[in-house]
Amino acid sequence: RQQSEQDTRLGASVAQRNFLNDLSLLLHNYVFFENSSSNPYLIRRIEELNKTANGNVEAKVVCLFRRRDLSSALNALAENNAREFEEDSKQPLFSEAQKHQLKHRELFLSRQFESLPATHIRGKCNVTLLNETDLLSGYLEKEDCFYYSLVFDPVQKTLLADQGEIRVGSKYQAEIPERLAEGESDGRVLDKLETKVWDPDNQLKDSQIDQFLVVARAIGTFARALDCSSSIRQPSLHMSAAAASRDITLFHAMDTLQKNGYDLARAMSSLVPQGGPVLCRDEMEEWSASEAMLFEDALEKYGKDFSDIRQDFLPWKSLASLVQFYYMWKTTDRYIQQKRLKAAEADSKLKQVYIPTYTKPNPNQILAAGSKTGMNGTAGLQKGLSCESCHTLHSPQWYAWGPPNMQCRLCSVCWIYWKKYGGLKTPTHLEGISRASSDAASRGHLTRQEVQDMSPFANTAGRAKLLAKNRQTFILQTTKLTRIARRICHDILQPRRAARRPYAPINAIAVKAECKWLLVLAAERLAEAPLKLKAQRSTPTPINRNQVNHPRGAPSLLGKRPFDTVSVGGLQLSTSGRTLVAGMRSANQSVIKRPKVSHGDSPNPLVFVATKDTRVLRKALTQAEMRRSARKPYLPVKAKLPLPPRHMPAVTNEPIVLED
């Protein structure tokens, strides 16, 4: 046991020393950031290192998220994507513990930037784009090694595949046909496989081709002089000649030679048809100055992600147009000027920063008996508890983990694993509790139902019944004391005033005390006062014809039964011989219990859809009649409907014949 304790202590100290070594950080390094002493580290990619006015160093970083930062719906999408990747790449089988630990190595890239102080950096890590040729087991064998394949948008709450995927694998390889033997002819139709655009063995000399290209440039300059839009964009002759000398004009001239069989006379006539000279413009001329500025701003924000540039900045441009304009824009002086400015800014910024060793004690560290008490109540934990992850009983240092009332702890090795990978080595239900308590602020985007789904102690049977309805009904069930207080505490409650001002607080303690006192007083009065016989009621005048046939004491359709009564001397007595009083019932009468409202069986919302006739009737009502109908909906509505339009006979040009 002593030898095992020494080995464990030695391994923990080595891991701690290797993890907290002095760091020399460069741009585009992946690092661990610590924003909380109990939460796992944040994984970020350094984009810029800036020195503030007070001498501190801040890092502009790209955010990467873990699975614990996503909602349950997005976690299901990530699980399906991981399952499809394992099937396509034919990964080896993993055990349940390896599958659990593999989820801790998966990250999700985002386009969200933030600035963090460099003093919060706790170490470097390695993050790579997942490829089909990679083995997932290799990430488990290496320390501080992560991968990503999906991009998470924290604003839109979406999870999409990374557009920068490197297509390596059997699916992306070209199928090379077998080599033809000597003397064997190719049976394929070459016209369907390729198109001939230039014949180097033509009858023209190079000097003749150059002369034809000069003529094509001259015609292009003349065409721009005739075009109004081109004359506005290129107001000078020098600019028009430069635009006419671009590749689009030369390609059109060479295509014209190919189509006319390299006949200079026919090709010259094709350059100037009957309608005027042919004008060829590329993307550089088609784009306006404002569109070019938008493209430069989008390129600085998104890089060469042309699909996002098109979606957010230039939706009226096609993807091919964006790509063509990008490569033409790189040949302009504007691109060279921006490149020089960025190089000058990069020279003025920091390229490397030195982070000293972080030696401050963690407040979650459990101190030994007799030492100074730590924070978060960590000094009051029980001594017989084991590690929640590896279940070991011996560790050189223990750390409090999870909610304080659970009194859970981790050994030093599992604590470092928790801080780096955001989970425990073995799956446990307490991991969900720690996630809910320590990272509630980071899950502000989750809905109430998603948070309930993530709870490990949620009642799955009742939850399934709730989720079966597309819309849940919210019901408040009051107690008997509350219902009594509504009737006897009018002076304190003031129901009308409370209904008009629902935001005003009600003194529930005073209402409860007043209600109890009035109930005791009423019970004393009932005990002192003798029972009075109820006066004989006269036969009520029937309002409905059905009441004449059905007496008051007969069983009704609602299931209520009359009292078992016996008439003696004109008095109504119960079967026990006691005179009946209002509000009493006999002993053998069944009690009608109030049915309990079930949330799953709650009724669906009732919706009335107005018909065409109803809308016509509503328009026929005056404003006074509309108010009267709203206040007294039981009264019949008297409205004069508009007369239907009269259909006049069609007018014809035929003569009208009158017969006598």
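This section describes the overall make-up of a predicted model of one protein chain, followed by selected local features.

The secondary structure of the chain amounts to 26 helices and 14 strands. Of its 660 residues, 27% are buried. The accessible surface of the chain comes to about 47000 Å², of which carbon and sulfur atoms contribute 55%. When contacts between residues at least 6 apart in sequence are considered, 62% of them join residues at least 24 apart.

The mean pLDDT is 75, with 69% of residues at 70 or more. Helix H16 (residues 412-421) has the highest confidence, with a mean of 93, whereas helix H19 (residues 460-467) has the lowest, with a mean of 35. The pLDDT lies below 50 over residues 436-472, a stretch that has 49 contacts in the model beyond near neighbours in sequence. Residues 541-569 also have pLDDT under 50, and the model shows 27 contacts for them beyond four places in sequence. Where pLDDT is low, the predicted coordinates should not be read in detail.

A search of the whole structure identifies 17 salt bridges. In one of them, the side chains of Glu114 and Arg44 meet with an N to O distance of 2.7 Å. This pair links distant parts of the chain, as Glu114 belongs to strand S5 (residues 106-117) and Arg44 to strand S3 (residues 42-51), 70 residues apart.

Asp282 is buried, at 6% relative accessibility, and Arg246 is partly exposed, with a relative accessible area of 23%.

Arg281 pairs with Glu286 in a further salt bridge, in which the closest N and O atoms are 3.6 Å apart. Arg281 is partly exposed at 26% relative accessibility, and Glu286 is partly exposed with a relative accessible area of 36%.

No disulfides are found in the structure. For Cys145, the closest cysteine sulfur is that of Cys125, at 9.0 Å, which is too far for a bond because a disulfide requires sulfur atoms within 2.5 Å. Cys145 is buried, with a relative accessible area of 6%. Cys408 is likewise buried, at 5% relative accessibility.

Positive phi values occur in residues other than glycine. Lys90, with phi near 55°, is placed in the loop between helix H2 (72-89) and helix H3 (96-104). The relative accessible area of Lys90 is 71%, so this residue counts as exposed. Gln494, with phi near 50°, occupies the loop between helix H21 (490-493) and helix H22 (495-500). Gln494 is partly exposed, with a relative accessible area of 36%.

On the surface, Ile484, Ile488 and Leu519 form a nonpolar patch whose accessible area is about 200 Å² together. Ile484 lies in helix H20 (residues 480-488) and is partly exposed, at 34% relative accessibility.

Note on methods. Residues numbered from 1 in each chain as written. Predicted model: local features only at pLDDT ≥ 70, side-chain atom pairs only at ≥ 80, totals over all residues. Heavy atoms only, no water. Patch = residues over 30% accessible without salt bridge, like charges linked within 9 Å, V, L, I, M, F, W, Y side chains within 5 Å. Areas by Shrake-Rupley, 256 points an atom, 1.4 Å probe, with all protein chains shown as cover. Salt bridge = Lys/Arg side-chain N within 4 Å of Asp/Glu carboxyl O. Helix = DSSP H or I, 4+ residues; strand = E, 2+ residues; numbered from the N terminus. Buried < 20%, exposed > 50% of the residue type's maximum accessible area, 1.4 Å probe, protein only. Contact = heavy atoms within 4.5 Å. pLDDT = per-residue confidence, 0-100.
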